[in-house]
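Me: I would like to learn how to read side-chain pairs and backbone details in a model like this one. Could you walk me through them, one feature at a time?

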Amino acid sequence: MSDALTKMGGGCVFFKTKIFSFFVTPEGGLPSLLLKGLLEDREERDESMEDEKIVELFFERSEKAVALAREKYGGLSLRIAENILGTREDAEECVSDAFFRLWSSIPPEKPRRLGAFVAAITRNLSLDALEKRSAFRRGGGRAGVCLEELEECLPDQTADAAESIALKDALNGFLAGLKPETRRIFLKRYWYMCSISEIAEDCGIGESKVKMSLLRARKELKRRLEREEIEI
């Protein structure tokens, strides 16, 4: 498990774990059930046509595409960045970078779910920014806390291509087996990096129930990876 954490000078701990590489890769690398959970949380299942029109504008190289995408998903992007970086100023800078990256990525990318694509780009950039400023400290910051919670069920970061495919399949199976509420709680904590209190408020439940749900989900994830013989 020590392989999941890379110690740097000053006691910093950087994010170097294989499981989260799937959680931060834009749409092509995300497990389908993770995408499903994101869409359920954002209630965007009936908005695919609108997203398709925005993506078409990107392909036409219309600057209106960025404005429409930011109007629709800017709030989501800011929330993810602020949860990870902890400050509004850094988060706003990251959001600007995310939509610039979106403009650079489409085309050639043609995401089926624009919101999930924006969220993944934002999360990648936020974690990169966190690493560069050497602020990812053990026991400090929400991202660090979330990683520590997952330490005992994180796979070895040195997986080869075949193991990566097995991990992706295992994640799909794990997420598929969760009840909708549990999946939503799990994604809010470990994808959006929301606080326990925020999750409780968003889901209309007590904080103790959130903590218990996360504990049980982590145990189930560990059992799932062990059954799949994925090294932890």
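## Reading the features

Reply: Gladly! Glu82 has a relative accessible area of 27%, which makes this residue partly exposed. Keep in mind as we go that the model is predicted.

Me: Which residue does the side chain of Glu82 meet in a salt bridge?

Reply: First the general idea: side chains of opposite charge can pair when their charged atoms come close. Here the partner of Glu82 is Arg88, with 3.2 Å from N to O. That distance counts because the cut-off for a salt bridge is 4 Å. Arg88 is partly exposed too, with a relative accessible area of 42%.

Me: How many salt bridges does this rule give?

Reply: The count comes to 11 salt bridges. One of them joins Glu50 and Lys72, where the closest N and O atoms are 3.8 Å apart.

Me: Which helices hold Glu50 and Lys72?

Reply: Glu50 sits in helix H3 (residues 48-59) and Lys72 in helix H4 (residues 64-85), so this pair ties together parts that are 22 residues apart in sequence. Asp51 joins in as well: Glu50, Asp51 and Lys72 are linked in a network of salt bridges.

Me: Is Lys72 buried or exposed?

Reply: Buried: its relative accessible area is 16%, and the cut-off for buried is under 20%. Glu50, by contrast, is partly exposed at 42%.

Me: Where are Glu220 and Arg223, whose side chains also meet in a salt bridge?

Reply: Both are in helix H11 (residues 207-227). Being 3 residues apart there, Glu220 and Arg223 are separated by about one helical turn. Their N to O distance is 3.1 Å. Glu220 is partly exposed, with a relative accessible area of 23%, and Arg223 is partly exposed as well, at 41%.

Me: Now the backbone, please. Which peptide bonds are cis around Pro107?

Reply: Look at omega. The bond from Ile106 to Pro107 is cis, with omega near -15 degrees. Pro107 and Pro108 are likewise joined by a cis peptide bond, and omega there is about 15 degrees. Pro107 lies in the loop between helix H5 (88-105) and H6, and Pro108 is found in the loop between H5 and H6.

Me: What is the phi of Arg61?

Reply: The value is near 60 degrees, which is positive in a residue other than glycine. Arg61 lies in the loop between H3 and H4. With 36% relative accessibility, Arg61 counts as partly exposed.

Me: And Met193: what is its phi, and is this residue buried or exposed?

Reply: Met193 also has a positive phi near 60 degrees, and it is a residue other than glycine. Its place is the loop between helix H9 (180-190) and helix H10 (196-203). Met193 counts as buried, at 1% relative accessibility, whereas Arg61 counts as partly exposed.

Terms used:
Residues are numbered from 1 along each chain as its sequence is written. This is a predicted model: local features need pLDDT of at least 70, side-chain atom pairs count only at pLDDT 80 or more; totals for chains, interfaces and linings use all residues. Side-chain values use heavy atoms; hydrogens and water are left out. Helices (H or I, at least four residues) and strands (E, at least two) are DSSP runs, numbered from the N terminus. Buried means under 20% relative accessible area, exposed over 50%, partly exposed in between (1.4 Å probe, protein chains only).
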